[in-house]
Amino acid sequence: GREVSVMCDATGEGRTRGQAWELDGVALWPADAAPTLEPGDIFRARVTGADGFDLSVVPVPRGTETA
């Protein structure tokens, strides 16, 4: 349920601040949950689960983020 910042790497996949490229897992979200995100975009997401080192997240609509 925690909110984190995520940088989009590809459709439905990105990394949080704590996930290093090619070393740690990734943040994954349903592609249809944020169809306008492009590589390099940074957005807020709510963590919904984990599988090994990968996080499942859901993008948070702008204006509804928590501090």
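User: Which residues lie nearest the centre of the largest pocket?

Analyst: Leu 37, Phe 43, Pro 59, Val 60 and Arg 62 lie nearest the centre, out of 14 lining residues. A pocket here is an open set of points on a 1 Å grid over the protein atoms alone, where a 1.4 Å probe fits, with protein on both sides within 12 Å along at least five of seven lines; lining residues have an atom within 4 Å of a point. This is a predicted model: local features need pLDDT of at least 70, side-chain atom pairs count only at pLDDT 80 or more, and totals for chains, interfaces and linings use all residues. Residues are numbered from 1 along each chain as its sequence is written, and side-chain values use heavy atoms, with hydrogens and water left out.

User: What volume does the largest pocket have?

Analyst: About 210 Å³. That is the space filled by probe spheres set on the points, with grid points joined across faces, edges and corners.

User: What lines the second largest pocket?

Analyst: Val 4, Ser 5, Val 6, Met 7, Arg 15, Thr 16, Arg 17, Gly 18 and Ile 42. Its volume is about 170 Å³. By class, that lining has four nonpolar, three polar and two charged residues. The largest share, four residues, is from β1.

User: Switching topic. How many salt bridges are found in the whole structure?

Analyst: Three. The criterion is a side-chain nitrogen of Lys or Arg within 4 Å of a carboxyl oxygen of Asp or Glu.

User: What does Glu 3 pair with in β4?

Analyst: One partner is Arg 44, with the closest N and O atoms 3.9 Å apart. Arg 44 lies in strand β4 and Glu 3 in strand β1, so this pair ties together parts that are 41 residues apart in sequence. Glu 3 also meets Arg 46 in a salt bridge, at 2.7 Å from N to O. That pair links Glu 3 in β1 with Arg 46 in β4, 43 residues apart.

User: Where is the remaining bridge?

Analyst: Between Asp 9 and Arg 15, at 3.2 Å from N to O. Asp 9 is partly exposed at 22%; Arg 15 is buried at 12%. As for shared partners, salt bridges join Glu 3, Arg 44 and Arg 46 into one network.

User: OK, the core. Which residues make up the largest nonpolar core?

Analyst: It has 11 residues: Val 4, Val 6, Cys 8, Ala 27, Trp 29, Ala 34, Leu 37, Phe 43, Ala 45, Val 47 and Val 57. β1 and β4 each supply at least two residues of this core. A nonpolar core is a set of buried Ala, Val, Leu, Ile, Met, Phe, Trp, Tyr and Cys residues joined through side-chain atoms within 4.5 Å.

User: What is Cys 8 in contact with?

Analyst: Beyond its neighbours within four places in sequence, Cys 8 is in contact with Glu 13, Gly 14, Trp 29, Leu 37, Glu 38, Pro 39, Gly 40, Asp 41 and Phe 43. Contact means heavy atoms within 4.5 Å.

Methods:
Ala, Val, Leu, Ile, Met, Phe, Trp, Tyr, Cys and Pro count as nonpolar, Asp, Glu, Lys and Arg as charged, and the others, Gly among them, as polar. Buried means under 20% relative accessible area, exposed over 50%, partly exposed in between (1.4 Å probe, protein chains only).
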